[in-house]
Amino acid sequence: MSQMLAEISRIVNEDISPRVTQYDVLFEAITNAIHANATEIKCYLNTTDNQLKEGDKEFGAIKIDTIKIVDNGDGLTDKNFSSFSTYRTEHKKELGCKGVGRFVFLKIFKNVNYKSRLKEEQEERKFKFDFKFDTENLIKESVAVESNETELTLSGLTAKYYDDAKKNDRRIELDITTIREKVLMNLIPTLFFYKQKGTIITIEIHNEYDTTLNKISSSDIPDFQDNFFEVKNKDGNVFKFNLHHKIDNNVGSLNAYYCANNRTVCEFSDKDLKIAMPYGYSGFMLLESDYLNIHANNERNDFDIYPVKTDVFSTLSWEMINSHLKKEISELVKAGIPETKKRNIEKLQEIQEERPYLMNYIDEEDIEMAGFLDKKHIIEKAKKGFDVAKEKVLVNAGKEDYSDEELNEAIQLAQNELVSYINDRVQVIERLKTLVDKSERVEKIIHNLFMEMRTTDDYYSVGKNNLWLLDDRYTTYSYVASDKRIREVLKGIDEVNGDTEILDDKPDLSLFFSHNPNNPERLKSVLIEIKPFDFGSKPDRKKFAGIQQLLDYVKAFKAKDKIDEVSAFLITEIDAKLEARLREDDYTPLFSTENPIFHRFYKETGISIFVISASTLIKDAEARNKVFLEIIRKQTRLNKLMQNNTL
């Protein structure tokens, strides 16, 4: 008895990933046939499922139970069988064979049988491959053979892939159109390699359930061009890469893969390189390298390469590889797609509008091919660069001496932080616009946009609140209360309750400022009442009721010794009915625009009340922001790149 020189069950359980699927079985079986010099390969796929029907209409998916591969290759010659019987054999290593691929079959199928008819030997040879595989069990029988034919049949799915009782079903659908595409995409490098040598290979995929057929022929394999480039690691070691590529001026998509041993392993997008072709273009890109060959896993569906870091075994990272790869692709698209510059500018303008503060942190290679990269991916990378820059400045904080580089980094960061703040203000203004446009009726939603309800604060910093919507000067408060009882507000400014009658009333916003720099205890107060932009009924009456609330609040605060001056504002949306009611009550517009501010001075109490439309706040805030935005746009990296014609 002569068993395989390795424990098969251990190999299958430890060396073969549980993620493999029936696709991996197909890829491996077809590749083995090609490596055995087969030029005609037929795949027969079948199922024990019954198609669900409703009348003449079929619905639901049927899935694969059995696979049979028939080819005209060399077959089970003595040399090939010896190689098959040796774990990690060196035979055909030059073709990228690892000597472990056949064990994928046993991960998914319990019954794996080979039968080979050999013309030269005039023999039929067959054996069963399982966990008890014995090389002595090869059966040889003399028969008349006109041409080589090898048949591999796989059946009996393992419980990990199909167990009806446990509702476990990892079978793939019997859809030969999808299967053909996946086989083609996986084997394109192999088929291209053989096509270059003049070997024409055809692959047929048969659906035995409904007797349909699909086919892969040499015409499906593009004629690639090659771009060679090198990647150097931190130790100065150079690794060579070859980018096979073809860009066509026709509608389609981009198929881009990292390859190993003349087979596709994973898509560019799987390693954070997301590229899209413009409408009207399609293409293929295949990246090959000895480095990728070495670092492909046993199943050839992934690589042992880290995203960013490196170690003694993996000396290149995907970040390093993709950085050089993008430079190569950038040159290709510039040469093959005339509108590249236009697309780059459009994508960068989109990012500038959304995240202007990140423009200085976009990688050079991303700038060069921005129009073909995923916008979200560019932004995420730039955000990481922005965060790294902030962390670096924080680490250097407190140093006695700074280098010119450190000072410049700190200045640039401060500028970008300001840009970020202005950009955030744009988003807040847009949010307020949305609330106005939909006539928001929930006061809490509007209120929280200005400042979170039931909170207080004694100094302003970016992001704490949006009181700048009212006026940028209002961010200089020494104390502010949002939806707090008057008794709590008075306590916050160290003022006594006295004979105030409405201590439990809650003004929406109560702001206090030092009235006199020479006497900071003297305060100026601004009181704000917010009303929904619409009500279910009689909205003008309910909005107008806010004026009486303000009058009561102002009287309560004006009576306090520490408060020298009080201003009051009603914020809502002014429609025609509310405007008529205001005019009837002696409120006058301060200026004549589409959205005027209404004002009335109450002589008896010396109180001024202002009624401001939310639309007016929006226009005023936009006007204040516009100055900053114009400066930002003129000084952006994109503007400089366009001026220098470097895109």
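Which two strands form a hairpin with 2 residues between them, and which residue in the turn has a positive phi?

What you see is a predicted model, in which local features need pLDDT of at least 70 and side-chain atom pairs count only at pLDDT 80 or more, while totals for chains, interfaces and linings use all residues. Residues are numbered from 1 along each chain as its sequence is written, and side-chain values use heavy atoms, with hydrogens and water left out.

The protein chain contains 17 helices and 25 strands, where helices (H or I, at least four residues) and strands (E, at least two) are DSSP runs numbered from the N terminus. Its radius of gyration is 37 Å, whereas a compact globule of 647 residues would have one near 26 Å; that value is taken over C-alpha atoms, and the globule rule is 2.2 Å times the number of residues to the power 0.38. Along the principal axes, the C-alpha atoms fill a box of roughly 120 × 70 × 45 Å. Of the 647 residues, 51% count as buried, meaning under 20% relative accessible area, with exposed being over 50% and partly exposed in between, for a 1.4 Å probe and protein chains only.

Let me now turn to the hairpin. The two strands are β15 and β16, and Asn 261 in the turn has a positive phi of about 55 degrees. These strands pair in the antiparallel sense over 4 bridges, with β16 covering residues 263–267, and two strands are said to pair if DSSP finds at least two bridges between them. Within this pairing, Cys 259 has Thr 264 of β16 as its bridge partner.

Strand β15, residues 254–260, has 7 of its 7 residues buried, so it is largely enclosed by the rest of the structure. Both of its faces are covered, with Leu 254, Ala 256, Tyr 258 and Ala 260 on one side, and Asn 255, Tyr 257 and Cys 259 on the other.

β15 also pairs with β17, residues 282–288, this time in the parallel sense and over 5 bridges. Here Tyr 258 stands opposite Leu 287, and Tyr 257 stands opposite Leu 286. Strand β17 likewise has 7 of its 7 residues buried, so the rest of the structure largely encloses it; among its buried residues are Phe 284 on one face and Met 285 on the other.

Finally, β17 is joined by 7 bridges to β14, residues 238–248, and these two strands run antiparallel, with Lys 246 having Phe 284 of β17 as its bridge partner.
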